[in-house]
Amino acid sequence: MDQELKAQTYGNLLNEHRRLSNQISDIKSENFELNHVRNTSAKLGSADLIPESKFDVVLANINRHILLEYLPVLISHMSTSGILLLSGILETDVEEMKAFCVLLKLQHQKTKVRNNWAAMQFQLN
């Protein structure tokens, strides 16, 4: 079975961590259930929480400015020929993200846009 890593932000949670932690737990549990996801966990925190493992698939639903900072860390956890899926990207940011990912030795595979939001797929070279 492929291992996958999902990095996701939920807005400005650091300021409201205590108040929202129960809500987030409920939301992630509901999302896992709705999408039939099993044998997984989600943690609220920084990239320091990522286990020292290599993942076949990395999913990142994070805004551009955060991705630009954390992509090198996420890529360091990808297995050889791993797949990177990005969402939460504004259509206007697609070309910037594509150029940045190419600098990080990722090959762009495809982009899909809907309602000004983009999802992008890359593969590690």
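**Close-up views of a predicted model**

**View 1. Surroundings of L71 in the nonpolar core.** Leaving out residues up to four places away in sequence, L71 touches L84, L86, M97, F100, C101 and L104, where contact means heavy atoms within 4.5 Å. The model is predicted: local features need pLDDT of at least 70, side-chain atom pairs count only at pLDDT 80 or more, and totals for chains, interfaces and linings use all residues. Residues are numbered from 1 along each chain as its sequence is written, and side-chain values use heavy atoms, with hydrogens and water left out. The largest nonpolar core has 22 residues; such a core is a set of buried Ala, Val, Leu, Ile, Met, Phe, Trp, Tyr and Cys residues joined through side-chain atoms within 4.5 Å. Buried means under 20% relative accessible area, exposed over 50% and partly exposed in between (1.4 Å probe, protein chains only). L67, L71, L84, L86, I89 and L106 have the most contacts inside this core. At least two core residues come from each of β2 (55-61), α2 (64-76), β3 (78-90), α3 (94-103) and β5 (117-124). Helices (H or I, at least four residues) and strands (E, at least two) are DSSP runs, numbered from the N terminus.

**View 2. Contact of α2 with α3.** The two helix axes come within 11 Å and cross at roughly 0°; axes are lines fitted to C-alpha atoms, for helices over the stretch in contact, and angles run from 0 to 180 degrees between N-to-C directions. α2 is therefore roughly parallel to α3, a term for angles under 35 degrees. From α2, R64, L67, L68 and L71 meet E96, M97, F100 and C101 of α3. The residues of this contact divide into 6 nonpolar, no polar and 2 charged (nonpolar: Ala, Val, Leu, Ile, Met, Phe, Trp, Tyr, Cys and Pro; charged: Asp, Glu, Lys and Arg; polar: the others, Gly among them).

**View 3. S79 in strand β3.** S79 is buried, with a relative accessible area of 14%. Apart from neighbours within four places in sequence, S79 is in contact with K54, F55, D56 and L124.

**View 4. A47 in the loop between α1 (17-34) and β2.** Residues up to four places away in sequence aside, A47 touches Y70 and V73. The C-alpha atoms of A47 and Y70 are separated by 7.7 Å, with the two residues 23 residues apart along the chain.

**View 5. The hairpin of β4 and β5.** Strand β4 (residues 106-114) pairs with β5 in the antiparallel sense over 8 bridges; pairing requires that DSSP finds at least two bridges between two strands. T111 has M120 in β5 as its bridge partner. The hairpin has 2 residues between its strands, and N115 in the turn has a positive phi of about 55°.

Technical notes
Angles under 35 degrees count as roughly parallel, over 145 as roughly antiparallel, 65 to 115 as roughly perpendicular and the rest as oblique.
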